[in-house]
Amino acid sequence: MRCIYALLKCYFCVLCFFFTLPLYAQVVNLDSVVVIGKRHPNVVELKSLNNITINTENSKQLPSILGNNDLIFISKLLPGTATNNNLDGGIYVRGGETSHNNIILNNATIYNPFHLFGFFSTFNTEHIESVTITKNAIEGKYGNRLIGAFDFSTPQSKCKDFHYNVKVGLIDGQFHVSGPISDQSSIYFSARKSYIPTVFINASGFKYNFDDYNLTVVNEPDSTNKLIWNVYTGSDNLVFPDVHSGLNLKLDWNNLVSSLIWQKKLKNSTLEQTLYYSGYMDKNELSQFQSLARCKFSINDIGYKIAYCYNKDNVNWQIGDDFISHHTEIHNPLLVDYLNVGIRDNSNLFQNTFENAIYGNYIWHINNSLRINSGLRYCFYQQGNFRSHNAEPRIGIEYKLNPSEKINLSYSHHYQYTMEISLSQISLPINYWTGANKNFLPQNSHLFSIDYIKKWDNFDLNVSTFYNIFNNIKEKELNILDLLSENIAITDGVYNGNRKCYGFELLFRYNYSKFSGWLSYTYSHSTDKFKNINNGFSFPSPHNRTHNLNVIGIYNLSKKTDISFNLVCATGLPYTAPTNIYMLNENVVYDFGKYNGSKLPIYERLDFSVNYKLSAKQHHSSYLNLSIFNMLNHRNPIAIGYKARYHEENKSLSVFKTYKDYYRIIPSISYTYNF
Amino acid sequence: MKNILFFILLLVLYSCSVPIDEIKVSNSDIVVEGWIDKDSVAEVIVSHSILGTERSESSIDSIIILDADVLLSDGTQSEKLTCTKSDIYPYLLYKGEKIKGMSGKTYSLSVSKNDIKASSNCYMYDDMLIDSVLCKNVGESNQSISVYFTDNNYANRYYLLLVKLIGSDYRFYPAIMGYVNGTQCISPIIRVGLLKSIRNVTNQNENFEFNEGDSLSIRLTEIDEKNYCFWKSFFTATINKSDPLFPTNINIESTMTGAMGVWSCYSGKEFNIKVKNGKTM
């Protein structure tokens, strides 16, 4: 019944959308004189569903959240990337966890790309040119992770004039400047800072602040050489008191990333070298009642990448090397003033690990219809006496059925030696990254996919089926009271397991002169198997949504006004539900059933946005953005429980279900001024 | 404009939803909660589990099982406990008359109702003595209370701190995180934080610290490993059961065989204090 209802609603959404489409199309005909043949710019460009690029400039028409058009937020409207629950900013691609994607900014890894429970990523849209999402990476340059990469690029070329951008939103302000500093060089600088304590979470004592700074310098001494220097730093401070459980969190985390890229154009080839530093640190203080635990973690990477690409006629190949030195510092929780335990073992773990991968790719143009992209990445890894080296073969076969239709078959094998262990099921930075060793075996994955692509004038259809196998993935089972009261090491209770995920993705894009958007649908089935969890039986993966539908529309209402919406409808996430409720010590307590055996209610959300140009002159422009997140105020709970109340007057007990959702409708307004 | 209105109308229609109940509750089970204090008779609450629906109202009489056979034995004598009215929630419990708690004895409880039989044993240890209690101001009137005791054989023992607010509580309740595993301690002088117990049905007060001026009676009792595991899992499950940041879905480790619940033997001498900032008693 529930599924039928959900399907009916999905059908209704789609019907609603397409029913309104012809009405808008009618308007298009009337305005055709004004917009002669000009198509709406695409937000998303794609080679296949394994390789999607989001253009920052075009994405500004989509509904923003709290005045920010976040690229990671937009990526979750695409097939294969699951919708998140409230408070969870994680990126879950084709059954993988957030840490299974390499989040890269100008070739340097960013370990924690989230602000405020994922409302924004650390990537300031004004400073990012595009992001390319790779789900089944054939290219050898994408490694060290089980799935693929979110590859963010800052501007890569010089600019002629100075350009300023100021944006004022409800909780943060942004400033961006770009301009030439010499004939050969340009500078890009962006700053973003929150200035008002967030008001939408109804919890007294809640405090949150973040800031971001980006600097990019592009230097082109001649037509064959280019240097790009990029620095990003960002920090967050969160105080989160949960009055219901008495749990107080104080979290501080920050990223510092810097990369220097040298691109040299040679005859029919390019050579690119990158030297980078990537640092991430989090400091946490967790307290509940009289117990207080402090945790600290840091990782510092120094890396060097070199890639040589040869392209001439039908001969394309690439070779490269990718070296990373990780230095991690993992502190066991320091128990402060807890009364049962005298002194916790406060020994810290220091790790120095090295990864070096050599790779090559060769594209075989068999004939006009058939192209084979083959690749091999070979990685060497060392941490102390623990050494590992593995080959990662990859192959992609592309067959053109006709000029507008093609089929892709892809397979890739990946190893991940540096892995994230998280203490929270949502993407709070209460986690640490550790290198592989005899206790933490390297994770590996096998990714298979078949893609079909068909293009028409105003539409294109992309369909993909995938089957992913993940081995040695990690799950930490630790409840917060243990952390606060037991003398345990942070590395205890980490289990090794396997995951299998298969599914089907569909992306249908439409682009009329005034109306554009897409419809994406994902069917996904993902199961985990851990020896120590659920008695060794397989169970649904925690972030798997069986059905995930997104409908996105952008409409140019007039020269000054754009409206857009995105509708999200997804199956609820799995959770472990109580099967029996009983009373003990004057409390309601549960007996839980099958691990992840139930599903939360269907996730539904409609976001709406209006962009209104206040002025558009030659040297300056300004516009106003009004966005409403979850316009229909739909309740999307992240936890379900029970409460009981005793009524003295009639000696009766009422038991009622409780739904925990921290926020619903969030309206926001922002003003942008460009000059 | 008509198109936009039409679109909005469709959205309003879309926003209509039907309530969805996700939790399927299995058949009800017997739940036993019993204790025997030193020099007192045993008290046992026998109830059954409650159906989890959107909202349900039940009279207490319908939750408590009134016709169970509850038998208590101390190894030499046994008695059948009778269901009587009581001053403590849920106001109906099974009470003994002749067998009273004594140190060094094992008490066996068996409960039967139709085909269901449940049983458990507990051992009553010698009295543990509290050395001192220290109060410290942590809020406007909230007090952080530390209880000190000394035990040279702490390494293999488990302890539980019980507390009663004089004037309002009719019995002792286990304090939040008042369970101590001796293997975690590093010296014979042990300090335990004292908080109220969690009673979210009868006491809606979410402040778990005591206030200045509260009169308390505190007891420290040694318990067996089974009881320690029960109270540890009980507080873990109760405190963080709906916490979305660190969700807990562990099942409480019952000390009973054939039923959910706990059967406990509590010894320990009462230590009475009046909470006052900076005061050591």
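## Charges over rings

For a charge to sit over a ring, NZ of Lys or CZ of Arg must be within 6 Å of the ring centre and within 35 degrees of the ring normal. B:Arg199 is placed over a ring too: its charged end sits 3.9 Å from the centre of the ring of B:Tyr173.

This is a predicted model, in which local features need pLDDT of at least 70 and side-chain atom pairs count only at pLDDT 80 or more, while totals for chains, interfaces and linings use all residues. Residues are numbered from 1 along each chain as its sequence is written, chains are lettered from A and ligands numbered from 1 in the order in which they are written, and side-chain values use heavy atoms, with hydrogens and water left out.

## Aromatic pairs and a cluster

How many aromatic pairs are there over all chains? The count comes to 37. Rings of Phe, Tyr and Trp (its six-membered ring) pair if their centres lie within 6.5 Å; planes under 30 degrees apart are called stacked, over 60 edge-to-face, and the rest tilted. One of the pairs is A:Tyr308 with A:Trp317, which is tilted, with 5.5 Å from centre to centre and 50 degrees between the planes. A:Tyr308 is partly exposed at 23% relative accessibility, and A:Trp317 is partly exposed at 28%. Here buried means under 20% relative accessible area, exposed over 50%, and partly exposed in between (1.4 Å probe, protein chains only).

In chain B, B:Trp231 and B:Phe235 make a tilted pair, 6.1 Å centre to centre with 35 degrees between the planes. These two residues are about one helical turn apart, because they are four residues from each other in helix α3 of chain B. B:Trp231 is buried at 2% relative accessibility, and B:Phe235 is buried at 0%. Both belong to one aromatic cluster, whose members are B:Tyr158, B:Tyr179, B:Tyr228, B:Phe230, B:Trp231, B:Phe234 and B:Phe235.

## The eight-stranded sheet of chain B

Chain B holds an open sheet of eight strands in the order β8-β7-β4-β5-β6-β2-β1-β16, and its pairing is mixed. Strands β8 (116–123) and β16 (260–266) of chain B are the edge strands, each pairing on one side only. On average, neighbouring strands of this sheet are turned by 20 degrees against each other, direction ignored. Helix α3 (residues 225–239) of chain B packs on the sheet and touches β8 and β16 of chain B, its direction making about 125 degrees with that of β16(B).

Helices (H or I, at least four residues) and strands (E, at least two) are DSSP runs, numbered from the N terminus, and two strands pair if DSSP finds at least two bridges between them. Contact means heavy atoms within 4.5 Å. Axes are lines fitted to C-alpha atoms, for helices over the stretch in contact, and angles run from 0 to 180 degrees between N-to-C directions.

## Sheets and hairpins of chain A

Chain A has an open sheet of six strands, ordered β1-β2-β7-β8-β3-β4, with mixed pairing. Its edges are β1 (44–48) and β4 (108–109) of chain A; each has a single partner strand, so one side of each has no neighbour in the sheet. Strand β3 (residues 101–105) of chain A runs antiparallel to β4(A), joined by two bridges, and A:Ile104 has A:Thr109 as its bridge partner in β4(A).

Further along chain A, seven of the nine residues of strand β10 (residues 172–180) are buried. Strand β9 (residues 163–168) of chain A pairs with β10(A) in the antiparallel sense over six bridges, and the two form a hairpin with three residues between them. A:Val166 has A:Phe175 as its bridge partner in β10(A). A hairpin through four residues joins β10(A) to β11(A); β10(A) pairs with strand β11 (residues 185–194) of chain A in the antiparallel sense over nine bridges.

## A buried aspartate

Is A:Asp528 buried or exposed? A:Asp528 is buried, with a relative accessible area of 0%, and is placed in strand β28 (residues 515–530) of chain A. The side chain of A:Asp528 makes polar contacts with the side chain of A:Arg499 (2.6 Å) and with that of A:Ser541 (2.6 Å). A polar contact is a pair of N or O atoms within 3.5 Å; within protein, one must be able to donate a hydrogen and the other to accept it, and residues adjacent in sequence count only if both atoms are side-chain atoms.
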